[in-house]
Amino acid sequence: NILLHLADEPRFDAVAVADIEPALSAAISQAQSAIAAIKALPDATWDNTVEALTDIPERVGRLWGVVSHLNSVVDTPELRAVYNQLMPQVTEFFTAIGQDIELYARFKAVKAAPEFTRLSAAQQTKLNHDLRDFVLGGAELDAAVPAGDHHCDPVKTLAFDGREHRPPRCAAGFAVIAAAVLIADLPGPVAVSYSHLTQPTISSV
């Protein structure tokens, strides 16, 4: 399965539609196992938590980026059907990471540990942004409140255009933006401006 062995230059012509679902399922399963291993570690450090979690979802993101590109430029009925079928699985995977309270606790532990002061400025900024994204993703929602009383899943609330291309690593960021819009609870349509260096700016239109 070429999707499980992507080189620097993906061989788009070798990707078979029938290989997409098995490859994605395998990549997500491997990532979930790696995340479970992180959560089982006794101590949280930059290397075994923050850095590791940065790398683990990369395979899923890159694989889905290839599929998204193909869906944009080839757009056969068969490919479009598989793309639309699997999109919820991809967005659920990335959203679940952002809402994982155990991972959130480990990131907070790294921030509170003496190690934090020894991190570079760029590393400290990344960790602070990751903590912010956990909050925006819903990691601090009260688990005692019935699920129906929380905002509904932003991925299911906002419709994805099945023919729209999103960059390979965009799914998690888009889920964060969607969550920010829902948390703001504005009365009408909203405009969102966002960069990786600032928090989302949300305003009514």
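This is a predicted model: local features need pLDDT of at least 70, side-chain atom pairs count only at pLDDT 80 or more; totals for chains, interfaces and linings use all residues.
1. Overall make-up. The protein chain contains 9 helices and 2 strands. Of its 205 residues, 37% count as buried. Among contacts with a separation of 6 or more, 64% come from residues 24 or more positions apart.

2. Helix pair α1 and α4. Two packed helices are described by the angle between their axes and the distance between the axes. For helix α1 (residues 17–40) and helix α4 (residues 77–98), the angle is about 5 degrees and the axes are 10 Å apart. Angles under 35 degrees count as roughly parallel, and α1 and α4 are therefore roughly parallel to each other.

3. Residues at that contact. On the α1 side the contact is made by V17, I20, E21, L24, S25, I28, A31, Q32 and I35. On the α4 side it is made by E78, L79, V82, L86, Q89, V90, F93 and I97. Sorted by class, the contact of α1 with α4 has 12 nonpolar, 3 polar and 2 charged residues.

4. Aromatic pairs. A pair of aromatic rings is described by the distance of the centres and the angle of the planes. The model has 4 aromatic pairs. One of them joins F107 and F134, with 5.1 Å centre to centre and 65 degrees between the planes. Planes over 60 degrees apart count as edge-to-face, so the F107 and F134 pair falls in that class.

5. Placement of the F107 and F134 pair. F107 lies in helix α5 (residues 101–112) and F134 in helix α7 (residues 121–137). The two residues are 27 residues apart, and the pair links distant parts of the chain. F107 has a relative accessible area of 2%, and F134 has one of 5%. Buried means under 20% relative accessible area, so F107 is buried and F134 is buried as well.

6. Aromatic cluster. F107 and F134 also belong, together with Y104, to one aromatic cluster.

7. The charged end of K111 sits over the ring of F116. Here the distance from the ring centre is 5.3 Å.

Definitions and conventions: Residues are numbered from 1 along each chain as its sequence is written. Side-chain values use heavy atoms; hydrogens and water are left out. Rings of Phe, Tyr and Trp (its six-membered ring) pair if their centres lie within 6.5 Å; planes under 30 degrees apart count as stacked, over 60 as edge-to-face and the rest as tilted. Helices (H or I, at least four residues) and strands (E, at least two) are DSSP runs, numbered from the N terminus. Buried means under 20% relative accessible area, exposed over 50%, partly exposed in between (1.4 Å probe, protein chains only). A charge sits over a ring if NZ of Lys or CZ of Arg is within 6 Å of the ring centre and within 35 degrees of the ring normal. Axes are lines fitted to C-alpha atoms, for helices over the stretch in contact, and angles run from 0 to 180 degrees between N-to-C directions. Angles under 35 degrees count as roughly parallel, over 145 as roughly antiparallel, 65 to 115 as roughly perpendicular and the rest as oblique. Contact means heavy atoms within 4.5 Å. Ala, Val, Leu, Ile, Met, Phe, Trp, Tyr, Cys and Pro count as nonpolar, Asp, Glu, Lys and Arg as charged, and the others, Gly among them, as polar.
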